[in-house]
Amino acid sequence: MAMNDSVNILNSAYLAVEYVDSFLPDNPLQQPFKNAWNYMLDNYTKFQIATWGSLIVHEASYFLLCVPGFVFQFIPYMQKYKIQQDKPETWEKQWKCFKTLLFNHFFIQLPLICGTYYFTEYFNIPYEWEEMPRWYVLLAQCFGCAVIEDAWHYFLHRLLHHKRIYKYIHKVHHEFVSPFGMQAEYAHPLETLILGTGFFIGIVVFCNHVILLWAWVICRLMETIDVHSGYDVPLNPLHLVPFYAGARFHDFHHMNFIGNYASTFTWWDRIFGTDSQFIAYKEKEKKQQLIMKKKAN
Ligand SMILES: [Zn+2]
Ligand SMILES: [Zn+2]
């Protein structure tokens, strides 16, 4: 009965979004995107698209999404949004991070990306334009992938912090107490595999077109680079996502080592009370700001 109810709710939500969509003006980028997609299908094999296409999407999105946070360090106006003001970025740290990233991307992630083609063949995942899901379906699928990844991340990340194993794997990711965007995937190769598994579960559950792989890669990178950026910038559209954790939440994890283990949402830390130190810290910060304001007046 409960299952039937949720299917009915999902169907109604789908129909409602479809109805609203019929009133929206046509997306001007739809036709160029369709042309580009069909050009790609006509000129490259499925293996090339799944392997090299996925590699390009990952590398281009990763480094492009890192650009704003990287540029902020040179803009004095942006410094008021830096979360850990007393720990500015250094060239030495950023260069070290960049070198490790390249190693991880090409020696750990690329071999995994090579499996994409076989995954899509095994599950008969289509590549054709005509079978591509609509934008709102894609968005809902990405949200579903994020919910699954977040749960995986919370429990496995918490386990990686166990005092018996912390120093062997997760210590690498915590090398930088004040994070910066590029550091999002700076981790021990084993961590890339362990926490990265959470990324694939959602795909196995929801994937009905190869575009979901790329859309989900971009969404996940947007989230992880944002929470590692070290800056809490106003009007960040990611904060429109319900229960979104954000940069202050994960920045605190790097500063404090204890608590705030989830990647995207706040609910697991709330349920298990692992955000208590973060809440206490925020309260203390608020009080200090009030005292400062009073003094200034
Ligand atoms: Zn950690
Ligand atoms: Zn982190």
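1. A word on the annotations to start: UniProt positions are given in the numbering used here, feature names are shortened, and annotations may be inferred rather than shown by experiment. With that in mind, the unreviewed UniProt entry lists residues 60–79, 100–120 and 192–217 under "transmembrane region". The entry also carries the annotation "domain: Fatty acid hydroxylase", which covers residues 144–274.

2. Please keep the ground rules in view: this is a predicted model, where local features need pLDDT of at least 70 and side-chain atom pairs count only at pLDDT 80 or more, while totals for chains, interfaces and linings use all residues. Residues are numbered from 1 along each chain as its sequence is written, chains are lettered from A and ligands numbered from 1 in the order in which they are written, and side-chain values use heavy atoms, with hydrogens and water left out.

3. On the overall fold, the chain has eleven helices and zero strands (helices, H or I of at least four residues, and strands, E of at least two, are DSSP runs numbered from the N terminus). The radius of gyration is 21 Å, close to the 19 Å that the globule rule gives for 297 residues, so the chain is as compact as a globular protein of that length. That radius is taken over C-alpha atoms, and the rule is 2.2 Å times the number of residues to the power 0.38. Along its principal axes, the C-alpha trace spans about 65 × 45 × 40 Å.

4. Now for packing and surface. Buried residues make up 42% of the 297 residues, where buried means under 20% relative accessible area, exposed over 50%, and partly exposed in between (1.4 Å probe, protein chains only). Of the contacts with a separation of 6 or more, 73% are between residues 24 or more positions apart; contact means heavy atoms within 4.5 Å.

5. Back to the annotated spans. Residues 60–79 are 65% helix and 0% strand, with end C-alpha atoms 26 Å apart.

6. Glu223, in helix H8 (residues 210–228), counts as buried at 5% relative accessibility. Not counting residues up to four places away in sequence, Glu223 touches Leu238, Tyr244, Ser263 and Thr264. Ser61 lies in helix H3 (residues 46–72) and counts as buried at 11% relative accessibility. With the sequence neighbours up to four places away left out, Ser61 touches Ile56, Ile218 and Leu221.

7. Gln85 sits in the loop between H3 and helix H4 (91–113). Leaving aside neighbours within four places in sequence, Gln85 is in contact with Gln79 and Lys80. From Gln85 to Phe206 the C-alpha to C-alpha distance is 41 Å, across 121 residues of sequence.

8. Finally, some backbone angles to look at. Asn124, in the loop between helix H5 (116–122) and helix H6 (135–160), has a phi near 55 degrees, a positive value in a residue other than glycine. Asn124 is exposed, with a relative accessible area of 68%. Phe243, in the loop between H8 and helix H9 (247–256), has a positive phi of about 65 degrees although it is not a glycine. Phe243 is exposed, with a relative accessible area of 53%.
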